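Hi,

Here is the structure I promised to pass on. Please have a look, and then read on for what turned up in it.

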Amino acid sequence: MSQPITVTTVAEGVARLAWTADHTIDEVRREVAEALVHHPRVETLVDPDDQGAQRTATWSGMHREGVMRGVTVDDGPADRIVYARLATDAPVNEPGGFRALLNSFLPRKRAISQMLVRDPDDRVLLCRLTYKQDWDLPGGVVEVGESPRVAVVREVEEELGLALDAGELLLTDWLPPWGGWDDAVCLVFDGGVHDAAVLDDVVKQEREIRDVRFCTLEEVRELAADFTARRVEAALRGEVDYTESGR
């Protein structure tokens, strides 16, 4: 006979569940529903290596909220995935509630929007950033719910003080995990051809931008990371619309 599912009050209005592999999803679901009668929030902490417990937490109606790092387990630090359900969450058997549940655990891909700006001599506008040595195209991370086209216009204006329109999408480049970053999709938009005097209008965001200039392809290869240089060259050639790390 399996041990009972434990329900512990860990804070005002917060109950925490723990169960074993012997418990079924239906059993856990019932305990979640019962706990929500008395608590606005029910949560559980799951070992990232325990796929079965993650599945049980999900299909009992709890949303994946993130990873709590360094939790003390058996007198040592360990990571735990936080799942929780609120009394105000839409029922899982309703379309909106089910979509919200799926949205909590399905993969999310980081998107980066960049702008390829050139001068009449076919030089490319590059920025030297404060948080890395390599130079890069202007742009940045797309915010949640934000259009990539809107994002790149916003980023260029915030970082350089330039109001430039984003033209057609030149390239989609997948970036593998690198230097502490998760993988991402980089979208390169055409920023058009502008006189080099546009640099006179640049107002650098000092927190992020050290320098900005137009560079020849040879200088791009010298100043930028190899994958950035490949991305720039691929976008300029226009022969393909999708690359991986610029290849």
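The second largest pocket takes at least two lining residues from each of β2, β3 and α2 (helices are DSSP runs of H or I with at least four residues, strands runs of E with at least two, numbered from the N terminus). A pocket here is an open set of points on a 1 Å grid over the protein atoms alone, where a 1.4 Å probe fits, with protein on both sides within 12 Å along at least five of seven lines; lining residues have an atom within 4 Å of a point. Of its 15 lining residues, Trp19, Thr20, Val46, Asp50 and Ala53 lie nearest the centre.

This is a predicted model, with local features needing pLDDT of at least 70 and side-chain atom pairs pLDDT 80 or more, while totals for chains, interfaces and linings use all residues. Residues are numbered from 1 along each chain as its sequence is written, and side-chain values use heavy atoms, without hydrogens or water.

The largest pocket has 30 lining residues, and Ile112, Tyr131, Lys132, Asp136 and Trp181 are the closest to its centre. Elements that each give its lining at least two residues include β6 (110-118), α4 (148-160) and α6 (226-237).

I also looked at helix α1, residues 25-38. Its buried residues (under 20% relative accessible area, 1.4 Å probe, protein chains only) are Val28, Val32, Ala35 and Leu36. They sit on the same side of α1, because they cover an arc of only 100° around the axis (taken from the directions from the helix axis to the C-beta atoms). Arg30, Val37 and His38, on the other side of α1, are exposed (over 50%).

Best wishes

Technical notes
Expected span 1.5 Å × (residues − 1).
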